[in-house]
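Thanks for coming. Please have the model open while I talk.

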Amino acid sequence: MIDNLNEIALDELKNSISNMNYRKYRLVTMSCVDNKDGSFDLFYHFDKESKLVTVKTKVTKEDEIPSITDLYFCAFLVENEIKELFGLNIVDIAIDYGGKMYLTADSSEAPMTYGANITIERRDIGYDK
Amino acid sequence: MINSEQVPRSTVPFGPQHPVLPEPIHIKLILEDEKIVEAIPAIGYVHRGLEKLTEKKDMYKSIFILERICGICSFMHALCYCQGLENLMEIDVPERAKYLRVIWGELHRTHSHLLWLGLFADAFGFESLFYECWKIREKILDIMEATSGARVIISTNTIGGTRRDINSDMLEHIKKTTYEIEEALAYIDKVFFDDNTVLVRTKGVGVLSKKDAYLLGAVGPTGRGSGLPQDLRTTNYAAYGDLDFEPIYETDGDCYARCKVRIRELYQSQKLLRQAIDQMPEGEYAVKVTQKPEGEVVSRVEQPRGECMYYIRGNGTDILERVRVRTPTFANIPALVHMLPGHQLCDLPVLVLSIDPCISCTER
Amino acid sequence: MGLFDKAAQKSPWIIHFDCNSCNGCDIEILACLTPLYDVERFGVINVGNPKHADILIVSGAVNQKNQRVLKNIYNEIPEPKAVIAIGACGCTGGIFRECYNVMGGIDTVIPVDVYVPGCSPKPEAIIDGVVKALGKLEEKRKKMKEKGEENPFLPEEFTSELVEIPSLTSETKEPVSVSHNPEEPK
């Protein structure tokens with residue numbers, strides 16, 4: 001039910017984004033959703049005069065996703081976030097945190113993916129002692 | 001003159017614990033003498049993983065989780081989420097609830113902007129001004145406590161309306177308070193607009209051109225200070241369609257302009273509050289929700305700091321499949337990274353605060 | 001009682017660190033300092049340097065990344081010191097307890113003396129917490145004196161154990177910077 005949704009293949013992505021850049025759209029953000037079947041939906045939300053336009057593409061973990069930071073520098077934070085939390089392979093980001101922007105080395109890998117090993121349990125904290 | 005190539009570079013860490021910032025953000029600064037040449041933000045000190053938590057709780061509990069993304073604009077987060085789900089499930093919200101949302105929303109904007117003005121004054125060392133701003137802000141917090149029972153996180157939104165009503169005595173009191181706030185503001189805005197010491201620290205500092213602001217995706221007062229008249233309240237969510245207002249913007253693009261936008265928005269908020277109270281209809285303030293969300297939706301509202309976007313996907317059950325939150329500070333950090341190089345180290349606190357950073361929003 | 005002791009007993013200087021909170025508690029802590037509540041009349045000052053502070057106020061739950069910073073700040077505060085955990089998430093983890101990046105309350109990392117529950121606690125509650133912490137500080141100071149330490153403020157005479165800080169080796173990956181501006185120097 002998203003208005004103005006264009007679905008495209010991954011190899012058309014860069015073309016489509018540079019088209020949006022040429023038409024002076026502002027990048028709002030990117031969203032990533034795990035479809036629970038190994039594929040991920042990647043949304044690029046654009047805005048012009050308070051109208052939202054969305055470009056959607058489908059990717060897998062193996063795909064090499066080109067970064068759009070050469071067109072929209074402001075995408076570097078969200079690309080790093082998706083790279084880290086979903087474990088997607090986004091290449092050539094302008095400021096690359098090496099997949100460790102939010103988490104540390106001993107945290108779980110790609111915690112936002114479906115079935116990531118997250119346990120909800122009563123933890124041993126000093127409060128109970 | 002020393003050739004700039006001969007100046008040795010040094011690295012200075014700014015944060016995560018810093019007296020000027022109430023929140024932890026770390027910025028790695030590369031300096032040449034006292035001049036910043038490169039700034040790399042390192043975030044993650046407040047990352048909790050709330051988006052994942054919403055996939056484990058049902059959609060009503062998620063309201064309380066999402067409100068705690070940020071304590072300052074908690075009402076707006078709940079508003080954005082509830083409006084998204086209402087659009088998805090095609091629920092007609094009662095008119096009175098829409099006006100109540102405007103009232104609480106504008107109260108939140110007023111308290112957030114006053115809070116920011118205080119912190120901004122503190123950033124350039126004007127402590128008595130900080131106290132003045134926060135003194136005015138307490139009036140708003142008293143109203144919040146009277147109408148909802150809590151000072152900061154008021155939790156009055158729910159899917160299909162609001163959880164509480166405001167009675168007519170209280171509405172009269174709010175109206176009276178808006179005049180008091182305008183009076184108090186008239187006293188302090190002279191300092192922000194005309195005082196020499198303030199002007200020296202803010203005018204011409206951190207200039208962000210209109211083109212840069214647009215390309216870097218700056219939103220809210222940061223973008224509006226650079227001449228971008230983008231205000232999502234003009235998309236007429238809640239009851240904003242019935243109210244009379246124009247987006248406020250300035251064209252200079254420096255810290256002074258961003259400050260001016262926020263002070264003018266404070267006056268605008270008081271006018272909106274009075275309009276909303278005068279036009280508010282009687283009636284129900286919530287409807288019963290029986291539908292389940294299915295499909296995806298994007299919802300956007302204008303927070304005090306700028307545009308907030310929620311992407312929601314439901315699968316026909318109470319538990320949502322995905323809630324993705326894009327908060328205004330997340331969009332403004334690239335603008336900050338762009339602004340910093342070329343400024344003196346002493347201007348850094350003013351610059352960082354001029355985008356009104358909310359780190360717990362950014363990292364969720 | 002010397003003048004120095006008397007002064008230190010009544011005017012605690014606080015340092016505030018936001019661990020993982022939603023800002024709600026932080027703005028309430030700041031609100032304590034502003035004219036309506038005005039704790040400065042009691043001599044309570046919010047300082048930026050841990051070496052000047054007596055009381056550490058922490059809001060929010062602890063996560064993997066900021067626990068190192070928190071331990072560092074705790075170790076830098078001179079003896080005697082007290083720690084106050086503010087808010088439901090500071091006490092137990094609260095609403096964030098089930099999140100993947102949250103380890104739990106403040107006491108998973110450093111010893112806590114006073115808990116102030118609430119989401120978010122009112123400024124009155126926070127001030128009450130500071131007053132309770134003052135009593136604890138006094139107890140600690142007395143204990144140090146009983147042990148025969150002439151001046152409890154000397155840094156060599158640390159009595160409580162230092163909290164161990166995890167090593168810096170694999171944990172802190174520096175961000176790799178690739179310049180976005182082509183004509184920028186190396």
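Predicted model: local features only at pLDDT ≥ 70, side-chain atom pairs only at ≥ 80, totals over all residues.

**Where chain C meets chain B**

How many salt bridges does the rule find across the interface of chain C and chain B? There are 2 of them. Polar contacts are counted separately, and for these the rule finds 9 residue pairs across the interface, both residues being at pLDDT 80 or more.

Which elements of chain C give two or more residues to the side that touches chain B? They are strand S1 (13-18), helix H2 (24-33) and helix H3 (67-76). H2(C) provides the largest share of that side, with 7 residues. Sorted by class, the residues on the side of chain C that touches chain B are 23 nonpolar, 12 polar and 10 charged.

Now the contact as a whole. Chain C contributes 45 residues and chain B contributes 45 residues. Between them the two chains bury about 3,600 Å², and 61% of that is on carbon and sulfur atoms.

**The cavities**

The structure has 6 cavities of 30 Å³ or more. I will cover two.

The largest cavity holds about 120 Å³ of space. It is lined by 14 residues, and those closest to its centre are B:Pro22, B:Glu23, B:Ile72, B:Leu119 and B:Pro357. Helix H4 (95-123) of chain B supplies at least two residues of this lining, and so does H2 of chain C. By class, the lining of the largest cavity consists of 9 nonpolar, 1 polar and 4 charged residues.

The second largest cavity has a volume of about 90 Å³. Which chains line this one? Residues of chain A and chain B do: from chain A, they include A:Leu27, A:Val28 and A:Cys74, and from chain B, they include B:Leu216, B:Arg326 and B:Phe330. Strand S2 (26-34) of chain A and helix H11 (328-339) of chain B are the elements that give two or more residues to this lining. Its classes come to 9 nonpolar, 2 polar and 1 charged.

That is the end of my part.

Definitions and conventions:
Residues numbered from 1 in each chain as written. Chains lettered and ligands numbered in written order. Heavy atoms only, no water. Contact = heavy atoms within 4.5 Å. Buried area = accessible area lost by both parts, 1.4 Å probe. Salt bridge = Lys/Arg side-chain N within 4 Å of Asp/Glu carboxyl O. Polar contact = N/O pair within 3.5 Å; in protein donor to acceptor, adjacent residues only side chain to side chain. Helix = DSSP H or I, 4+ residues; strand = E, 2+ residues; numbered from the N terminus. Nonpolar A, V, L, I, M, F, W, Y, C, P; charged D, E, K, R; others polar. 1 Å grid on protein atoms, 1.4 Å probe; cavity = no way out; pocket = protein on both sides within 12 Å on 5 of 7 lines; lining within 4 Å. Points joined across faces, edges and corners; volume = space filled by probe spheres on them.
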